[in-house]
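Mentor: Let us work through this model together, one question at a time. Please keep the structure in view as we go.

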Amino acid sequence: MYLQELQLRHFRNYPSANLELGPGINVLLGENAQGKTNLLEAIYVLALTRSHRTANDHDLVNWEAKTAKVSGRVVKSVGSVPLELTFSRQGKRAKVNHLEQARLSQYIGQLNVILFAPEDLAIVKGAPTVRRRFMDMEFGQMNPRYLYNLSQYRTLLKQRNRYLKDLQHKQNRDLLFLSVLSDQLAAYGAEIIAQRLRMLHKLEHWAQAIHAEISQQKEELTFHYATQVPEDQLTDPDTICAALTQLYKEHQDKELYRGTTLVGPHRDDLYFRVNGKNVQTFGSQGQQRTTALSVKLAEIDLMKEETGEYPVLLLDDVLSELDDARQTHLLKAIQDKVQTFITTTSLSGITRQLIKDPTIFHVANGTVVADGSAPSGDPATKED
C-alpha cells in the first residue's frame, strides 16, 4: 500500500497543494514552522478522519476559508482507490471511490498509517489513557470489527454513566435498567478485551525480535495487559463477559456513589517490561526509546499480517531524537518495505547512505517543491 497522490485545499497553511509522491522514502525538508508537520498531519487525517494534534476539526481549516479538503489516491495490491475528506462547520464528509460513506467507520482502513513522533515516547512513559488510545487507534485501523465494538462500547458507556448520575441524584430508581445496560456493556467490553489480547500477543512477538536485535540480544521485551478481569478468565469473549458482569455487580454500590463506570476496557492499561522490569518506572531513557521504537516498527509487520498490506509510515522529526544505532536500525527496517515520509530540517541529520533514491520535497511557508519541479501551493496563514 502506498499513497500516490495528495491534494490539499485550505488545509492548515496550505490554500492549495498537489503532490505526486514516491512509493519509497519521501523526505520533507525545510525550516521549522513552515508546514512539514502539516503535510504529515494531512496524510494522517486522510487515513483516520481525525488529527493526532487537535480534537477540534475546525483547527484544520485555513483561517481565510470555511471548508478544508484533503484527498488522495491509494495504491493497493488490488488496485487504486481515490479518497476524499471535507471538513466544515457542518461536520466532515468522507468519500471512497467518489462515493460518500454513511459512517466514518466504513471509511477507516482504506489507508493505514503509522505515525512516529518524539512525543510517542508517551506510549511508554505517559498516562494509561495514552496507551489505551494507542491500542484503539492502531487496532481499529487493522480490524473493522474492533472499531465497531469500540464505537458501540463508547455509546453505551456514555449512556450508562448518565444513568448512574441520574441514580446518584435520585432522578431515577430503576436498577433493572442499570442491569440491562451493564449486560450490554459487558458484551462489547469483552469483545474489545479479547481482541486487544489477541493483537497484543502478535505485536509482542514482532516487537521482541526487534528489541532483541537493537539491544544486541541483551534485553527481552514483554507486554502485560492490565485489567480487572481475573487472569484465569481471560480465555474467550463469553468468559470475559461473565467476569465483567460479575464485576459490575460487585462494584454497583461504589459506582452509584461515584456516578461513573469503574470497570471495563476504558480503565485497562498496558505495561512494557524489559528483562522483567517495568520500563515505564525503572527503565533508562535509552530503554524507553528502544521500547517505543520496537513497538512502532512491530506495528508495520502486524498491519501486514492483519490486512495483507504494509502501512504508510510517518516519521515526524524522529530521526534527530535517535542515536546512530537506532537510526540505522529504523532506516534498514523500512528500506524497500514501506512508503515513508520523513520530516527534517537538514539532510545532514540523516544517514544518507541508508536511504536509496529518496523523493525530496522542499517546504517553505505553505509551498512544496519537489526536486526538479515547480512549486505546489501558495503562501498562507496557519503555522506548522
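Mentor: Contact here means heavy atoms within 4.5 Å, while helices (H or I, at least four residues) and strands (E, at least two) are DSSP runs numbered from the N terminus. This is a predicted model, in which local features need pLDDT of at least 70 and side-chain atom pairs count only at pLDDT 80 or more, whereas totals for chains, interfaces and linings use all residues. Residues are numbered from 1 along each chain as its sequence is written, and side-chain values use heavy atoms, with hydrogens and water left out.

Trainee: What covers the buried residues of H11?

Mentor: Buried means under 20% relative accessible area, exposed over 50% and partly exposed in between, with a 1.4 Å probe and protein chains only. In helix H11 (residues 324–334), the buried residues are Arg 326, Gln 327, His 329, Leu 330, Leu 331 and Ile 334. Their cover includes E3, H6, H10, E12 and E13.

Trainee: How many Å apart are the end C-alpha atoms of H6?

Mentor: The expected span of a helix is 1.5 Å times one less than its number of residues. The 40 residues of H6 should therefore span 58 Å, and this agrees with the separation of its end C-alpha atoms, which is 54 Å.

Trainee: Is Thr 245 buried or exposed, and what is its relative accessible area?

Mentor: Thr 245 belongs to helix H7 (residues 237–250), and a polar atom of its side chain lies 2.9 Å from the backbone oxygen of Cys 241. Leaving aside neighbours within four places in sequence, Thr 245 is in contact with Asp 183 and Ala 186. Thr 245 counts as buried because its relative accessible area is 17%.

Trainee: Which strands are the edge strands of the six-stranded open sheet?

Mentor: Two strands pair if DSSP finds at least two bridges between them. The open sheet has the order E8-E12-E13-E3-E14-E15, with mixed pairing. The strands that pair on one side only are E8 (113–116) and E15 (367–370).

Trainee: Which residue in E12 is the bridge partner of Leu 115?

Mentor: E8 and strand E12 (residues 312–316) run parallel and are joined by four bridges. In E12, Leu 115 has as its bridge partner Leu 314.

Trainee: Which residue in the turn of the E1 and E2 hairpin has a positive phi?

Mentor: Strand E1 (residues 2–11) pairs with strand E2 (residues 14–20) in the antiparallel sense over six bridges, and Leu 6 stands opposite Leu 19 in E2. Two residues lie between the strands of this hairpin, and a positive phi of about 50° is found in the turn at Arg 12.

Definitions and conventions:
A polar contact is a pair of N or O atoms within 3.5 Å; within protein, one must be able to donate a hydrogen and the other to accept it, and residues adjacent in sequence count only if both atoms are side-chain atoms.
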